[in-house]
Amino acid sequence: MEIIAAIAISFASVFLLQPIAEKVGLVDKPNERKKHSGAIPLIGGMAFYFATLVACMLAFPGDKTVTLFLISSAFVVFLGVLDDYHNLSVRSRIVSQILIASIMVFGADMYIHDLGNLVGLGDIDISIAGTLLTFIAVIGAINAFNMTDGIDGLAGSLALNTFASIGVLFYLTEQGSFLALPVILVCAIIPYLAFNLSLVPGPVKKIFMGDAGSMFIGLSVIWLLTIGTQSDTPAFRTVTALWVIGIPLMDMAAIIYRRVKKGQSAFLPDRDHLHHIFLRAGFSSRQSLAIIFCLSLFYSGFGIVGEIYQLPEWFMFASFLALFALYCYSLIHVWKVVRFVRRRTVKRIRAKQIKA
């Protein structure tokens, strides 16, 4: 029942919200960074939040944790809509995200404190200091998924993979009490993806999720990961959470590192994300989407396999750091490859023109 409700309400919300968004100007217009055609309604986030809200009310009646999750999500969606409409300052967004994170930390009394045996010397529990780490994690997750929302289907596909992976981990460890939550989120996002990729015939040609959607996804991910790793009966280990959100996390960390190194703001918009690199290398938007989605499947798949076979946490953590180092190195040097390919392409085109 909850699954059907999530899908149906997500679909219906798109049709209900589209004319309202166009009337009030809640649309994304092309500019120097955004190369899409026409004004696209920014309603995807609201649509799959409404679907999640109703489905969760059916699946978790009276559950305090889920109720607080829905309340914090309502605030972050509202923040995202304001940002979509008025383009809020970085400071306003960060302060608001901290306040929203406090609902999880102080309201639900959930925070990241048990880090596991990351270095092979025993479990690391940072106790109350974990509240600060949780605030950082919430801001990080929200902005990580926000930064991936650069080509059609990417943020939604990465979210789909992350929520499905968390659902698998809940299922494998019989964490039945919250299993329905990631399933609901998966079902709520599927209709958005169908519209975003222009797979649905009809009057609504395309929609974007907007900051409301990417922020809601990031907040939902960190809530689920905290539930899964920090509860009295954890569904999976903390190090596994890193692999489940590997691509968004690494892309954000690498981008912030490069910006700070250049003396720029960590939240300065640019076109140096992973998907931009694939596009500049000559891949189409759909090809870039497929490649990055497959990479995310590899990351989450490795995390799930490591959890199933209980690979040592220090090994999983060291592997993640090594892959992150390789990721950063590749991004730094990939431009040499891109420039080489471009030069070769230009030479071929000129040679053909001369022969003609």
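Two residues are in contact when they have heavy atoms within 4.5 Å of each other. Leaving aside neighbours within four places in sequence, S300 is in contact with N161, S165, W243 and V244. S300 counts as buried because its relative accessible area is 2%, where buried means under 20% relative accessible area, exposed over 50% and partly exposed in between, with a 1.4 Å probe and protein chains only.

A word on the model and its numbering. This is a predicted model, in which local features need pLDDT of at least 70 and side-chain atom pairs count only at pLDDT 80 or more, while totals for chains, interfaces and linings use all residues. Residues are numbered from 1 along each chain as its sequence is written, and side-chain values use heavy atoms, with hydrogens and water left out.

**The chain as a whole**

The protein chain holds 13 helices and four strands; these are DSSP runs numbered from the N terminus, helices being H or I with at least four residues and strands E with at least two. Of its 356 residues, 50% are buried. Among contacts in the chain with a separation of 6 or more, 73% join residues 24 or more positions apart.

Why does F69 count as buried? Its relative accessibility is 1%. Not counting residues up to four places away in sequence, F69 touches T52, L181, F216, S220 and W223. F69 and W223 are 154 residues apart in sequence, yet their C-alpha atoms are 7.3 Å apart in space.

**Helix 10 against helix 12**

Two packed helices are described by the angle between their axes and the distance between the axes. Here the axes of helix 10 and helix 12 (residues 285-308) come within 8 Å and cross at roughly 110°; axes are lines fitted to C-alpha atoms over the stretch in contact, and angles run from 0 to 180 degrees between N-to-C directions. The two helices are therefore roughly perpendicular to each other, the term for 65 to 115 degrees, with under 35 being roughly parallel, over 145 roughly antiparallel and the rest oblique. On the helix 10 side, G246, I247 and M250 meet I292, L295, S296 and Y299 of helix 12. These contact residues divide into five nonpolar, two polar and no charged. Ala, Val, Leu, Ile, Met, Phe, Trp, Tyr, Cys and Pro count as nonpolar, Asp, Glu, Lys and Arg as charged, and the others, Gly among them, as polar.

**Open and enclosed spaces**

On a 1 Å grid over the protein atoms alone, a cavity is a set of points where a 1.4 Å probe fits but cannot get out, a pocket is an open set with protein on both sides within 12 Å along at least five of seven lines, and lining residues have an atom within 4 Å of a point. Grid points are joined across faces, edges and corners, and a volume is the space filled by probe spheres set on the points.

| Space | Volume | Lining by class |
|---|---|---|
| Second largest pocket | about 590 Å³ | 22 nonpolar, five polar, no charged residues |
| Largest cavity | about 40 Å³ | five nonpolar, two polar, one charged residues |

The second largest pocket is lined by 27 residues, and L133, A137, L242, I245 and L249 lie nearest its centre. Helix 5 gives the most to this lining, with six residues.

The structure holds one cavity of 30 Å³ or more. T148, L154, L158, I247, D251, L274, H275 and I292 line the largest cavity. Helix 6 (154-172), helix 10 and helix 11 (274-280) each supply at least two residues of that lining.
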